[in-house]
Amino acid sequence: MTRLLIIPMLLAALLGPTPSSRPFVRIESLSGRTIDAQLVAIAPDGRLTLEPAGAVPLTIDDLKRIIPIRIARPNIDELPIQQCYHLIGGERITGQLIPTNRPRTLRVEAGLPKPLDIPMDSLAAVRFAAQEHPAAKQELDARLTLRPKDKDVLIVVKDNKPVVVTGALERITPDGIEFTIGRKTQKIALDTAYAAVFAGVPSLEAQPSSAVTCKLRLLTGSELPGRLASTDDANIRLDAGTLGTVDAPWELVDELRFRSERIVYLSDLRPSAVTTHSILDIEFPPRMDRSVTGTVISLRGRSFEKGIGTHSMTSMTFDLKGDYERFTAVVGIDDTASPHGSVILRVLADGRELFKSPPLHGSTETHAITVDMSGVKSLTLETLDAGDLDISDHADWADAMLIKARPQLIR
């Protein structure tokens, strides 16, 4: 009988009182540490309570991201995903438009416990088509990169080609779109239009609002900016600004990415020196927060809001003044060039090589870089040809960021 009791007692001692419903997560810190634990709570002051507890206390300001650990991916095939709503900050929400009486507001069923109310003034564009059309998508990306200043743009597909119409987008409802051209307002069925781009800020590359301290990414592809309000065993609660308070079930969360004052994105800095060269004498200057061809940075199906797109035989140097402790990035060939392209990437600090990648091809996996920058005054990133000409050598330094040292507490 005693032996029969030993196993339950050992299990109780090992598992403790922690409820099994608490989410298991992987926590990536700015220092480069990775911690797998159960997330018990995040206090109002930003301190994390973990089980088992870590040796070094963590706060939100120490974090890069939190990723749920799952045995199996939940089935999201039946979630209503028909349209894609592009926010002016660069985030996207996927879902299905449903009726609402609120003026200048779109109500979207996005698979969350409650529908999202999206003010039209917070939108850069809406893609109505559930199915992709490569040429129309290229037109949409180009219009998003440089949004019109005074007229809305409607993109429709006619004879399998995108057609662009300018005017004023008056209303969007599940029944259709009201679009004014000149003095005439036309009603267009939702399923006959590909996308609409709203007039406004010229580009999506504006600095994020100080009210945004994290970004919640869902398995559906939606991205919600805001401030983390609270967490519990079932949900993440986000204060999402104009979108209101959003509760997202942990089972739908892909990652929670934090924006810390300790992070400086390399694409927000001006390089002190840039050199480029191409065998075909075609200029491919590096592009900030875009691939070198001007599209959203994408590596193996994952989109990145921040980063630098380059072509092979490009060198960029940044003056750091010794202010940072670490440089991190995710690198690879952009999806627009895949499966073609081949590059070698190097990171140099004050002329010393700290990282050199193996040849990266359009079909290979991405590489995560973490390099010590303590005391470094000059950072150089090189994108080199891998030896087989430079055709389609479109490489991304995605999520490239510099991390400041954690402030020392004064006693």
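A residue counts as partly exposed when its relative accessible area lies between the two cut-offs, under 20% for buried and over 50% for exposed. D268 falls in that middle class, with a relative accessibility of 32%. The model is predicted.

Side chains of opposite charge can pair when their charged atoms come close. In this model the count comes to 29 salt bridges. Three of them are listed here.

| Salt bridge | N to O distance |
|---|---|
| R257 and E255 | 3.3 Å |
| E305 and R259 | 3.3 Å |
| K306 and D268 | 2.8 Å |

The side chains of E305 and R259 meet in a salt bridge. E305 sits in the loop between β24 (302-304) and β25 (307-311), while R259 sits in the loop between β19 (253-258) and β20 (263-265), so this pair ties together parts that are 46 residues apart in sequence. E305 is partly exposed, at 28% relative accessibility.

K306 pairs with D268. K306 is in the loop between β24 and β25, and D268 is in the loop between β20 and β21 (273-276), so the pair links parts that are 38 residues apart in sequence. K306 is buried because its relative accessibility is 10%, whereas D268 is partly exposed.

Salt bridges with shared partners also join E28, R65, E255, R257, R302 and D399 into one network. Within the R257 and E255 pair, R257 counts as buried at 12% relative accessibility, and E255 is buried with a relative accessible area of 6%.

Terms used
Residues numbered from 1 in each chain as written. Predicted model: local features only at pLDDT ≥ 70, side-chain atom pairs only at ≥ 80, totals over all residues. Heavy atoms only, no water. Salt bridge = Lys/Arg side-chain N within 4 Å of Asp/Glu carboxyl O. Buried < 20%, exposed > 50% of the residue type's maximum accessible area, 1.4 Å probe, protein only. Helix = DSSP H or I, 4+ residues; strand = E, 2+ residues; numbered from the N terminus.
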